[in-house]
Amino acid sequence: MPVLAIIVFWISTVLAVLGGIGVVASPAPVYSAVSLILTLANLAILYLLLNAQFIAAAQVLIYAGAVMVLFLFVITLLGVRDYRLFGDRQPLQRYGAMLLGALLLAGIIYFVSKSGTGLTGVHSSYNAFQAHKGNVQAFGHELFNGFLLPFEITPFLLVVAMIGAVALGKSTQGSRG
Amino acid sequence: MTPDASSYLIISAILFTLGTVGVLVRRDPLIIFMCIELMLNSVNLTFVAFSHYLSSADGLIFVFMIMTVAAAEVVVGLALIVSIFRTREDIDVDQLDEMHG
């Protein structure tokens, strides 16, 4: 791995984790959303380092573009309210959650460091295809040959979600008017 | 330090833990929703890292499907949040207890 890639890796790692902290600890939803955009963009850079160009582009387009614009739109639609950083009803829940979170992180890091890191390639056909035609072509080849049925089913999911959103929007308007 | 598979997994673990703590701690439904997105993205990073180090495209396909499901989830979830916010003024999830959950 070249030195520049390692530097880029560490910069985007630090920025992604800082963005994650910002999502959790920001007082206002707008700051959380902007921090989440920071995290998502830096995750896209990590995807590029992992040689997943198509996923990186989709991350920027779908997540940092469409989804976060929708979030910001809803935040501005709902307007600014009084910000209580943490709920004032259950302080025990806050410390318990932080303790359990630290426990979860320690457990995951323990098992990750315990398991070997010697991962090697098992799908040599994909490897050969990737070396020959490039990553995006290899991804498309896999998607349209091995995973055609799931790919064809996803539009139904999106249509159902769209119908659900329209139905929810209509019913609240009807009950108000 | 040269990054390897476990460094990506540890980044993913950190982001997932942040999302979990956010879901448990915060009371604003929009921020809880963003923390869920953070958890989904940390899992996506795990999939992409394994896909790279195992040199298999299956993880990338999974990430593609997760992105589709997340987009659908965001659409429905934000519609629900907007409709809840329209009918009531309070935004604290602790106060959304009509169903005695």
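A crossing is called left-handed if the near helix is turned anticlockwise from the far one by less than a right angle, and right-handed if clockwise. The structure is a predicted model, in which local features need pLDDT of at least 70 and side-chain atom pairs count only at pLDDT 80 or more, while totals for chains, interfaces and linings use all residues; side-chain values use heavy atoms, with hydrogens and water left out. Residues are numbered from 1 along each chain as its sequence is written, and chains are lettered from A and ligands numbered from 1 in the order in which they are written.

**The two chains**

- Chain A contains 7 helices and 0 strands, where helices (H or I, at least four residues) and strands (E, at least two) are DSSP runs numbered from the N terminus.
- Chain B contains 3 helices and 0 strands, and its elements run α-α-α from the N terminus on.
- Of the 177 residues of chain A, 32% are buried; buried means under 20% relative accessible area, exposed over 50% and partly exposed in between, with a 1.4 Å probe and protein chains only.
- In chain B, buried residues make up 63% of the 101 residues.
- Among contacts with a separation of 6 or more, residues 24 or more positions apart account for 52% in chain A and for 56% in chain B; contact means heavy atoms within 4.5 Å.

**Helix α3 of chain A**

- The 26 residues of α3(A), residues 53–78, should span 38 Å at 1.5 Å a residue, and the end C-alpha atoms are 36 Å apart, which agrees; the expected span is 1.5 Å times one less than the number of residues.
- α3(A) bends by about 30° at Met68(A), the bend being the angle between axes fitted to the seven residues ending there and the seven starting there.
- Met68(A) is also one of the buried residues of α3(A), which include Ile55(A), Tyr63(A), Val67(A) and Phe71(A).
- The cover over the buried residues of α3(A) includes α2 (29–49) and α6 (135–145) of chain A, together with α2 (29–53) and α3 (58–87) of chain B.
- Just after α3(A), Gly79(A) has a positive phi of about 85°.

**Packing between the chains**

- α1(A), residues 3–25, packs with α2(B) at an angle of about 155°, with the axes 9 Å apart; axes are lines fitted to C-alpha atoms, for helices over the stretch in contact, and angles run from 0 to 180 degrees between N-to-C directions.
- That angle makes α1(A) roughly antiparallel to α2(B), a term for angles over 145 degrees, with those under 35 roughly parallel, 65 to 115 roughly perpendicular and the rest oblique.
- The crossing of α1(A) past α2(B) is left-handed.
- At this meeting, Gly20(A), Val23(A) and Val24(A) of α1(A) face Ile31(B), Met34(B), Cys35(B) and Leu38(B) of α2(B).
- In α4(A), Ala97(A), Gly101(A) and Val112(A) are buried, and the buried residues of α4(A) pack against α1 (5–25) of chain B.

**Individual residues**

- Ser35(A) lies in α2 of chain A and counts as buried, at 14% relative accessibility.
- Leaving aside neighbours within four places in sequence, Ser35(A) is in contact with Gly19(A), Gly22(A), Val23(A) and Ser26(A).
- Ile84(B), in α3 of chain B, counts as partly exposed at 29% relative accessibility.
- Ile84(B) and Leu96(B) are 12 residues apart in sequence and 9.2 Å apart in space, C-alpha to C-alpha.
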